[in-house]
Amino acid sequence: MSPFDGNPENIFEIINIVPQQGPGGIFGPSCEAAISLALEEINSGTGILGRELRVTHIDGGREPAVVAAEVAALLATGMVHAVTGWHTSAVRRAVEQVTAGRVPYLFATDHEGLTARSAPAGLFMIGADPKHQILPALDWLRRSFDARRWAIIGNDYVWPRRTAQAVRAELADPSLIPLEVFVPMDTRDFRGFLDDPRLDLADGVIVLLVGADVARFNVQFTRAGRSAQQVRVSPAVDENVLLAAGGGANHNLFVPSGFFVNGPRDRERLERYHRLHGGFAPSLTNFSNTSYEAIHTLRGMAELAGSLEVGRIQAAIADCPVIETPWGELGFEGRQAIRPTWLARAGGIDFEILDGI
């Protein structure tokens, strides 16, 4: 039996934004299943500050303004206490305008980076930024494979474009990026990029596409005969993407991530996940895991601050930028969560962890 009485005054309601359509829809079932594990773990104890935690999922695969309008309508009821989710930075930038200063907003997706000046009140970044993920991965690949020149392919919105800017700034030499192309979401044909002669000048490709777009690109990249000669690196790949592309499309593909199911500290979490959902559950992956971690991070923030009020949480994190979570201590640099990151190589539809970066 639940230790809670169901009284609305004893409930914390969270809105979780996750794509249920479009290229990112490939991750939706995994994210929702992972969040239900976090709910089970939190509510089997004392909840958050003694109150039951509940989550309502809304579709983050729609136009950003549409998603933000629904969040605004739900906030207007006065019954929503926090927002989280795996969704694009384009959606985040719309939603953060309606959550600012009202409720905590934990963005559970890898992102383009955030400065203090551009962080609305209550926004916390649980996914990694470039300096803690793609940039260390590029340095590792340079040292290990002498990969110095990079082509970039990304979807045409803020995360890929700003991440590409961070890469350009890090490499400092324009000749090290001979080709950079941004395409619409849900692109089906990548021949324009793959046939461009400037691609031959690159040692590898940085893939900043979303979901199903990544899988389609990997299939076409391999069919073009490039996977044996050029490496790929992408922070936007999980087991769902590997499976969608098929094992033969993932050769020489490297992925930086804070979570892999075969990590030494992550297997026990996977066992709990399958005890709850069974053996045929959606894959527990980096993207669904950050959704899971966002819920536990919210609980840790609330316990540290003694409240879910935005001002009190921000003050508490500023005074003590480390919170306790089920997997250990989680640190913050400003609004950015910091956790270890590893680099893995895709092997068919699984990952081989290579090194901490």
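Charge first: the protein chain carries 32 positive and 42 negative side chains, and the centres of those two sets sit 4 Å apart. Keep in mind that this is a predicted model. The chain's secondary structure comes to 11 helices and 15 strands. Its radius of gyration is 20 Å, close to the 21 Å from the globule rule for 357 residues, so the chain is as compact as a globular protein of that length.

**Overall shape and surface**
- Along the principal axes, the C-alpha atoms fill a box of roughly 65 × 45 × 35 Å.

**Packing**
- Of the 357 residues, 55% count as buried.
- Take the contacts between residues at least 6 apart in sequence: 68% of them join residues at least 24 apart.

**A covered strand: E8**
- Strand E8 spans residues 204–208, and five of its five residues are buried.
- In a regular strand, side chains alternate between the two faces of the sheet.
- In E8, Gly204, Ile206 and Leu208 point one way, while Val205 and Val207 point the other way, and all are buried.

**Who pairs with E8**
- Strand E6 (residues 150–155) runs parallel to E8, and five bridges join the two.
- Within that pairing, isoleucine 153 stands opposite valine 207 of E8.
- Strand E9 (residues 231–233) also pairs with E8 in the parallel sense, over three bridges.
- Here arginine 232 in E9 is the bridge partner of valine 205.

Conventions. Residues numbered from 1 in each chain as written. Predicted model: local features only at pLDDT ≥ 70, side-chain atom pairs only at ≥ 80, totals over all residues. Heavy atoms only, no water. Helix = DSSP H or I, 4+ residues; strand = E, 2+ residues; numbered from the N terminus. Rg over C-alpha atoms; globule rule 2.2 N^0.38 Å. Buried < 20%, exposed > 50% of the residue type's maximum accessible area, 1.4 Å probe, protein only. Contact = heavy atoms within 4.5 Å. Lys, Arg positive; Asp, Glu negative; His and termini not counted. Charge placed at Lys NZ, Arg CZ, Asp CG, Glu CD. Pairing = 2+ DSSP bridges.
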